[in-house]
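Colleague: Could you take me through this structure step by step? I am still learning the terms.

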Amino acid sequence: MSSLAAYSTANPGVTGVILAGGEGRRMGGQDKGWVDFDGQPLIQHVINRLQPQTQTLLINANRNLSAYAALGFKVIEDQQTGFHGPLMGMLTGLNAASDDWVMFVPCDGPFLPEDLVARLLDAALAAQTRIAVAAEAGRLQPVVVLLHRSLAADLQQAMAQGERKPDRWYAQMGMTQVECNAQSLRNFNRPEELAAPE
């Protein structure tokens with residue numbers, strides 16, 4: 001069921017989950033959350049942007065767990081070991097969240113909009129969908145997404161059937177997309193991008 005009608009609440013809360021569980025292959029295997037940018041780790045920039053917009057903040061990580069925990073937030077490891085991609089981090093976040101909605105963002109996006117959560121939540125409620133995805137010039141940014149917590153069972157089933165592509169799963173479930181400024185969605189995948197900021 002893709003419609004939100006059966007899941008509506010009067011005052012929806014939002015849990016934020018920062019996805020920091022990847023291998024960082026394009027960053028030379030570095031844990032991207034701890035890559036320095038403008039004097040701070042990338043994840044600290046993301047925390048500064050996302051925390052004021054959410055009720056609770058969680059960090060999804062699979063290494064450097066004590067370092068992430070030292071930032072002051074609960075750290076949740078993927079439910080399965082082996083770096084299964086962002087959908088596994090999302091499933092872990094959906095199962096760990098206590099709020100109706102869960103806002104997922106990558107650990108390497110330091111310029112997130114300060115109204116990101118409100119915009120995606122408004123769009124999801126208006127469209128009566130359980131998925132709202134950020135987009136830039138019509139191109140989805142699949143790891144900047146607001147999911148309703150009720151999607152956990154659907155995602156579990158999709159992953160058990162081999163699904164690993166977030167955008168394909170969103171399309172199957174029904175989604176709305178929200179246009180954002182390109183700079184606000186910019187993230188860093190390679191070391192040379194950090195050396196030449198726009």
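Modeller: The conversation below covers the chain as a whole, then a helix, some strands and a cysteine.

Modeller: This is a predicted model, in which local features need pLDDT of at least 70 and side-chain atom pairs count only at pLDDT 80 or more, while totals for chains, interfaces and linings use all residues. Residues are numbered from 1 along each chain as its sequence is written, and side-chain values use heavy atoms, with hydrogens and water left out.

Colleague: How many helices and strands are there?

Modeller: The chain has 7 helices and 9 strands. These are DSSP runs, numbered from the N terminus: helices are H or I with at least four residues, and strands are E with at least two.

Colleague: And what percentage of the residues count as buried?

Modeller: Of the 198 residues, 49% count as buried. Buried means under 20% relative accessible area, exposed means over 50%, and partly exposed lies in between (1.4 Å probe, protein chains only).

Colleague: Which residues of α4 are buried?

Modeller: They are Leu116, Val117, Leu120, Leu121, Ala123 and Ala124. Seen down the axis of α4, these buried residues fall within an arc of 160 degrees, so they line one face of the helix. The arc is that of the directions from the helix axis to the C-beta atoms.

Colleague: What is exposed on the other side of α4?

Modeller: Asp122 and Ala126 are exposed there.

Colleague: Which elements do the buried residues of α4 pack against?

Modeller: Their partners include β1 (14-20), α1 (42-50) and β8 (139-148). Contact here means heavy atoms within 4.5 Å.

Colleague: Let us turn to β8. How many of its residues are buried?

Modeller: In β8, 7 of the 10 residues are buried, so this strand is largely enclosed by the rest of the structure.

Colleague: In what sense does β8 pair with β6, parallel or antiparallel?

Modeller: β6 and β8 pair in the antiparallel sense over 4 bridges, and Phe104 stands opposite Val145 in β8. Two strands pair if DSSP finds at least two bridges between them. β7 and β8 are also antiparallel, over 5 bridges, with Leu147 in β8 as the bridge partner of Ile131.

Colleague: What about the hairpin of β7 and β8: which residue takes a positive phi?

Modeller: Ala137 does, near 55 degrees, and the hairpin has 2 residues between the strands.

Colleague: Last topic: where is Cys180 found?

Modeller: Cys180 lies in the loop between β9 and α7 (191-195). Cys180 is buried, with a relative accessible area of 7%. Leaving aside neighbours within four places in sequence, Cys180 is in contact with residues including Leu116 and Arg119.
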